[in-house]
Amino acid sequence: MQLAVLGGFVVAGMAPLLHHWFGARTPLVMALLPASLSAWLLGQWPAVASGEVLLLEWAWVPGLDITLTFLIDGLAWLFAMLITVIGALVLVYSGEYLRGHRDLPRFLVVITAFMMSMLGLVLADNLVTLFVFWELTSITSYLLIGFNHTDLAARKAALQGLFVTVGGGLALLAGFAMLAVAGDSWSLAELTRRGELLREHALYTPLLVCVLLGAFTKSAQFPFHFWLPNAMAAPTPVSAYLHSATMVKAGVYLLARLHPALGGTDGWVITLSLVGALTMATGAFLAIQHTNVKKLLAYSTVMALGTLTMLLGIGTEGALVAFVIFLLAHSLYKGALFMVAGILDHETGTKDVTAMGGLRRVMPITAAVAGVAALSLAGLPPLLGFVGKELMFASVLSVDAWRPLILLLAFTAAFLTLAVAAIVALRPFFGVPRETPRAPHEAPHAMLAGPALLAALSLSFGLAPGLLDPLVGATVAGIGAPGAEVHLALWHGVNLPLLLSLASLLLGLLAYRHWDRLRAWLARLEPLMARGPEAGYEALMAGMVSVAGWQTRMLQNGHIRNYLVVTLLVLVGLVGHALVFRHTLEFDFALAVYFHEAVVAGLMIAGAVAACVMRSRLAAVAALGIMGFSIALTFVLFSAPDLAITQLLVETLTVILLVLVLFRLPRFATLSTPIERLRDLAVASLTGGLITLLMLSVLSGERLPRISDYMTANSQPLGHGHNIVNVILVDFRALDTLGEMFVLALAAIGVYAMLRFHAEAYDARRQAPPPERDDG
Amino acid sequence: MVRSGTLILNAAARLLLPLQLLFSLFLLLRGHDEPGGGFIAGLVAAGAFALYLFARGRRALSEMLKVSPRDLVGMGLLLGVLATLPAWWVGEPFFTAQWWTIPVIDFKASTPLIFDIGVYLVVVGSVLTAITALVKTDDQEDDEH
């Protein structure tokens with residue numbers, strides 16, 4: 001399975017090549033990947049259904065306890081299944097939606113990479129692995145939201161989504177570190193068994209806060225909900241996939257996964273149920289103010305995510321069952337509805353529901369699919385959404401703390417969602433046909449297949465919810481209610497949840513009837529809305545930019561000697577502190593200097609002094625060269641040929657670079673005052689003196705066991721090489737070298753970018769009327 | 001400011017370049033047992049290209065290289081990352097060195113060698129990126145005089 005997921009990234013990278021071979025059919029070909037993965041998952045079903053927890057062991061960095069082990073239980077299975085099945089459908093759909101689009105290969109690369117990241121996220125057993133996949137989903141979704149990168153709004157929305165989710169990701173990383181410390185394991189399978197230990201631990205509160213921040217930002221919980229509707233700038237297949245079925249559910253998945261480990265405390269219950277309920281109501285309330293069909297659906301997704309969080313907060317066995325049903329129902333109907341929204345947009349050329357009407361005559365199948373999916377969204381029988389809503393109301397009624405408030409919020413959300421469902425399903429398809437920018441036709445089969453299948457599943461699971469009993473049982477076992485007896489039914493008789501459903505139906509229809517008036521009335525709240533959390537985000541970003549500007553002006557003033565003074569003083573401070581207070585200075589070594597060594601040292605000193613006092617730049621460079629070559633000589637004397645060669649080559653290249661730079665510099669001039677030069681002298685002497693002390697101190701006193709002995713002894717047997725330096729670089733310490741390679745690459749890009757921008761600024765100046773020159 | 005060099009430099013660069021590149025390859029391949037290795041070899045190659053650049057100009061260099069130095073950096077990083085993967089295949093920890101002997105020529109192929117080639121490309125690419133970028137801005141200013 002790990003190979004399949006890692007290989008999936010390779011397939012993603014190959015999309016342009018596949019596109020070269022298969023042309024417009026590429027999405028169909030690539031859909032085989034998630035389809036075969038879901039077939040494999042289906043094969044695992046008997047084991048998962050029997051309550052077995054599959055651990056696919058795979059080492060990654062055993063020295064740091066990082067594994068690539070996958071954990072497949074009911075919870076992971078359900079999510080993986082949703083990701084692969086809806087993923088395959090979305091790929092098929094996008095082939096039609098983006099037919100002939102210039103950037104189709106790029107789209108396929110990123111969405112497949114996203115799919116694999118998401119799959120890795122829900123299957124990972126190790127916290128570090130989970131986090132890596134978590135961040136990968138943030139990055140790939142950034143690329144997907146900003147897919148239309150020529151559109152400023154899309155770029156802005158992508159950046160906003162990235163900042164919010166990656167900011168939360170940082171908190172999550174801290175939370176995971178604390179979690180691993182508190183639970184003494186990086187493995188989720190272990191941690192979920194150590195709930196007692198974790199909840200008693202002193203770090204419980206801070207780690208809970210950090211983990212919740214990560215999950216809430218990812219799953220667009222209040223007050224971080226604003227990025228999700230903005231992310232609708234993405235192409236519709238992306239919205240259907242990321243912003244309904246998968247990525248935004250990552251946060252909810254994490255909460256569910258950690259529920260057995262962290263759940264059940266007062267902090268958990270109250271935070272999750274209140275934030276969830278608030279998110280529900282906010283999402284539903286904001287939804288009905290919009291006429292853009294994608295925004296309507298996006299806000300109703302916020303509402304659904306709130307519901308899921310709230311149910312996890314309530315945490316009773318009934319609530320967990322409701323959680324699973326609601327999750328499944330939402331993925332099915334929301335995926336379908338987003339795809340329908342894409343069809344409408346694709347066929348009519350507008351996303352505004354008030355601009356459409358009577359489409360049921362030209363698009364009967366789309367209308368039917370939309371109707372079924374919207375019934376599920378509205379929570380009406382006989383759809384799966386109804387089962388979920390009943391269970392949700394039943395769970396809310398069982399809450400102890402804050403019951404009236406949560407019930408009120410949940411009820412408001414329910415009836416407003418019903419209105420949203422009515423708007424999406426009725427407005428475009430019924431009423432008088434309207435003129436739209438494009439003349440609508442029934443959508444092609446490839447676009448209808450996905451939503452039709454999802455809607456059919458909503459309907460059949462709704463009619464026979466008993467089919468889901470084993471799946472729900474296996475899933476809640478993973479969330480912390482093992483051995484739950486699950487018996488789902490469509491009809492529970494007349495009870496309080498049913499009455500609440502009825503009341504919300506009536507109120508919802510009322511809201512739908514008066515939607516236009518309601519919207520006009522709500523528009524008056526605009527000034528209040530402008531002060532919402534999104535304004536806070538904008539202010540925060542503006543603040544960060546201005547702080548960055550301020551500190552850049554402070555620190556990066558363009559004088560290299562100031563940078564050096566700051567850097568060296570910090571070095572002297574830290575090293576000096578450690579040397580003096582943590583370490584007793586003792587000097588005990590045999591000083592035996594040969595004549596030729598003294599000569600080389602003298603050359604070095606002479607070179608350094610000459611470089612400081614020379615009045616010509618070329619002479620100063622030459623003096624520095626003397627120093628460099630003397631250092632190389634030292635390496636030769638102490639038999640380090642690799643270092644000597646490197647030093648010589650670096651000196652040579654320095655000369656080349658200096659030749660290129662020198663003549664661009666202004667005439668040699670003394671820019672600093674005598675006092676400044678005295679200061680520089682003091683800093684330089686201090687640094688030099690300290691390093692000398694450090695070296696002398698290292699040479700004397702009792703020695704730590706020498707690492708080099710190990711390297712010398714094992715270079716040949718383990719590294720198959722006689723050159724120890726090289727074996728260390730490419731084998732023993734290869735990870736460090738890899739890091740340095742990236743640093744080098746970044747430095748090169750930095751130089752290139754700076755000079756390139758300089759050249760562009762220069763060109764721009766040349767386009768402008770030339771400044772007066774006197775030298776010609 | 002960097003103009004095509006004198007006749008001697010010009011001829012020397014043309015003759016020296018293949019020799020220097022061969023030498024850098026030699027350093028690269030023997031690096032695991034004798035002084036050398038990807039970093040040093042990369043510096044030698046970068047020096048060779050710099051000489052060619054000084055003798056014949058930026059355009060001649062980029063025509064000869066065919067790829068942009070920045071792409072060399074990217075390829076090097078890719079090789080460096082790829083060298084970490086074979087260990088996974090045989091179920092060993094990430095980045096464990098793998099060795100294969102190619103029978104006929106009795107050559108030790110290994111992931112450290114692939115990794116070292118990656119280092120080589122990154123070094124050549126980075127140095128050339130910096131140098132050509134400096135030369136590029138010079139050329140533009142030259143046009144004006």
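The legends below describe close-up views of a predicted model.

**Figure 1. Chain A as a whole.**
Chain A contains 33 helices and 4 strands. Of its 776 residues, 44% count as buried. Contacts in chain A between residues at least 6 apart in sequence were also sorted by separation, and 78% of them join residues at least 24 apart.

**Figure 2. The annotated domain of chain A.**
An unreviewed UniProt entry places the annotation "domain: NADH:quinone oxidoreductase/Mrp antiporter transmembrane" on residues 124-416 of chain A. In the model, this span is 77% helix and 0% strand.

**Figure 3. Helices α26 and α30 of chain A.**
Two packed helices are described by the angle between their axes and the distance between the axes. Here, helix α26 (residues 560-581) of chain A packs against helix α30 (residues 674-699) of chain A at an angle of about 35 degrees, and the axes are 10 Å apart. The crossing of α26(A) and α30(A) is left-handed. On the α26(A) side, the residues in the contact include A:Arg561, A:Val565, A:Leu568 and A:Gly576. On the α30(A) side, they include A:Asp680, A:Val683, A:Thr687 and A:Ser697. By class, the contact has 12 nonpolar, 3 polar and 2 charged residues.

**Figure 4. The contact between chain A and chain B.**
Chain A gives 43 residues to this contact, and chain B gives 44 residues. On the side of chain A that touches chain B, the elements giving two or more residues are β2 (59-61), α29 (641-662), α32 (724-732) and α33 (734-767). The largest share of this side, 17 residues, comes from α33(A). Sorted by class, the side of chain A that touches chain B has 31 nonpolar, 9 polar and 3 charged residues.

The annotation "transmembrane region", from an unreviewed UniProt entry, covers residues 7-29, 35-55, 67-89 and 109-135 of chain B. Two of these stretches are described here. Residues 7-29 of chain B are 100% helix and 0% strand, with the end C-alpha atoms 34 Å apart. Residues 67-89 of chain B are 78% helix and 0% strand, and their end C-alpha atoms are 32 Å apart.

Note on methods:
Residues numbered from 1 in each chain as written. Chains lettered and ligands numbered in written order. Predicted model: local features only at pLDDT ≥ 70, side-chain atom pairs only at ≥ 80, totals over all residues. UniProt positions renumbered as here; feature names shortened; annotations may be inferred. Contact = placed C-beta atoms within 7 Å. Nonpolar A, V, L, I, M, F, W, Y, C, P; charged D, E, K, R; others polar. Axes fitted to C-alpha atoms, helices over the stretch in contact; angles between N-to-C directions. Left-handed = near helix turned anticlockwise from the far one by under 90°. Buried ≥ 20, exposed ≤ 12 C-beta atoms within 10 Å, placed from the backbone.
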